[in-house]
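This report describes selected features of one protein model, arranged by region. The sequence and the structure are shown first.

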Amino acid sequence: MIINTGSRTDIPAYFSDWFFNRITEGYVLVRNPYYPSQVTKYLLDPKVVDAIIFCTKNPEPMLGRIDQLSRFSMLWFVTITPYGKEIEPFVPEKDQVLASFWHLSKAVGIDRVIWRYDPVFLSDTYPADCHIRCFEKMAKRLKGYTEQCVVSFIDLYEKTKRNFPEAGNVAWEEQKYLIEAFGEIAASNHLQIHLCCEDKRLAGEHVDAQGCMSKEVLERAIGQKLDVPKRKPARAECSCLLGADIGAYNTCGHGCLYCYANYDRQTVLANRKMHDKNSPFLTGGCREGDVVKDAEQKSWRNGQMSIFDMM
């Protein structure tokens, strides 16, 4: 099975001490965000965890102890966008994140670190040609440190509409223009672009629309084939393996205006005050009426080597 740490919050950036404590203890408790009395216990054991997925805008807090995760296969997604502090107020400077990316790639391997350039939105400050220039500049600086990049256009969830009212959908013609340009840049920088829940008509050379955390992407990262059980996808158009997320909504401190995982800054600050690095929960602890159930966990590895490890 796959443990996902990053669809609800940024654990490497804000909760690295807690995460390493959970690795030491060998388990984590996760409260269902929609049915709070339901709690799932996940074992953090490489015998049943085929890979741990990290999604972060700042891997630096974990780099000094990355060797403590050597028992596990990992896949890292590091988001680096062109946006300034008016959009991403608490994200570190781009040069700092790029340097952390290089360090991470050297530590875990080029196949286990993927650059995320998303979400893409257009504005007077960030028109299409600005995105193309920035994408090319970043692709050149990441050349040799990753061979994969995830691109997606902004999704206007209700939280996003409220916190970022000036954002709008990217029109189809603009999507085509951008992806065609990104594809050309990818070709010259040894990158494969994975579109995340976007129209499959955008696929082309160096651009696929099969998903960012698909079975194929994970097999490349861990070097083995997976027999994934049939499961209902998170979204109809998504083939990614997004389940078993150990994070919690309304806890990420980056404050990005486009974020779908945070309600508002006040809620985030209140929840982070309930964080205890020694607790099995990311925030808070056990409550009266909690029902704790063990997750059904088993390895999906079938013993066959991935084609990428044979090359």
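## The second largest pocket

By class, 10 nonpolar, six polar and three charged residues make up the lining of the second largest pocket. In this count Ala, Val, Leu, Ile, Met, Phe, Trp, Tyr, Cys and Pro are nonpolar, Asp, Glu, Lys and Arg are charged, and the others, Gly among them, are polar. The model is a predicted one, in which local features need pLDDT of at least 70, side-chain atom pairs count only at pLDDT 80 or more, and totals for chains, interfaces and linings use all residues. Residues are numbered from 1 along each chain as its sequence is written, and side-chain values use heavy atoms, with hydrogens and water left out.

The volume of the second largest pocket is about 350 Å³. Of its 19 lining residues, Arg31, Ala248, Tyr249, Thr283 and Arg287 are the closest to the centre. Strand S2 supplies the largest share of the lining, three residues. A pocket is an open set of points on a 1 Å grid over the protein atoms alone, where a 1.4 Å probe fits and protein lies on both sides within 12 Å along at least five of seven lines; lining residues have an atom within 4 Å of a point. Grid points are joined across faces, edges and corners, and the volume is the space filled by probe spheres set on the points.

## The three-stranded sheet

Strand S2 also belongs to an open sheet of three strands, ordered S2-S3-S11, in which the pairing is mixed. Strands S2 (27–31) and S11 (291–294) are the edges; each has a single partner strand, so one side of each is left without a neighbour in the sheet. From one strand to the next the twist averages 25°, taken between axes that are lines fitted to C-alpha atoms, with angles from 0 to 180 degrees between N-to-C directions. Helices (H or I, at least four residues) and strands (E, at least two) are DSSP runs numbered from the N terminus, and two strands pair if DSSP finds at least two bridges between them.

A hairpin of six connecting residues joins S2 to S3. These two strands are antiparallel and share five bridges, with Val28 opposite Tyr42 in S3. Strand S3 (residues 38–43) runs parallel to S11, and four bridges join them; here Thr40 stands opposite Lys293 in S11.

## The seven-stranded sheet

A second open sheet has seven strands in the order S1-S4-S5-S6-S7-S8-S9, with parallel pairing. Strands S1 (2–4) and S9 (207–208) are at the edges, each pairing on one side only. Within this sheet, four bridges connect the parallel strands S5 (residues 74–79) and S6 (residues 113–120), and Val78 stands opposite Trp115 in S6. Strand S6 also contains Pro119, which a cis peptide bond with omega of about 0° joins to Asp118.

Thr56 is part of strand S4 (residues 51–56). Its relative accessibility is 2%, so Thr56 counts as buried; buried means under 20% relative accessible area, exposed over 50% and partly exposed in between, with a 1.4 Å probe and protein chains only. The side chain of Thr56 reaches the backbone nitrogen of Asn58 at 2.8 Å.

## Loop residues and positive phi

Gly84 lies in the loop between S5 and helix H4 (94–108) and is partly exposed, with a relative accessible area of 24%. Gly84 and Thr125 are 41 residues apart in sequence, and their C-alpha atoms are 9.9 Å apart in space.

Most residues other than glycine have a negative phi, and most peptide bonds are trans. His190, however, has a positive phi near 55°; it is found in the loop between helix H7 (172–188) and strand S8 (192–195). Asn250 likewise has a positive phi, near 60°, and its place is in the loop between strand S10 (224–226) and helix H9 (265–273). Is each of these residues buried or exposed? His190 counts as exposed at 54% relative accessibility, whereas Asn250 is buried with a relative accessible area of 14%.

## Helix H8

Helix H8 (residues 215–222) is mostly covered, with six of its eight residues buried. The buried residues are Val217, Leu218, Glu219, Arg220, Ala221 and Ile222. After H8 comes Gly223, which has a positive phi near 80°.

Definitions and conventions: A polar contact is a pair of N or O atoms within 3.5 Å; within protein, one must be able to donate a hydrogen and the other to accept it, and residues adjacent in sequence count only if both atoms are side-chain atoms.
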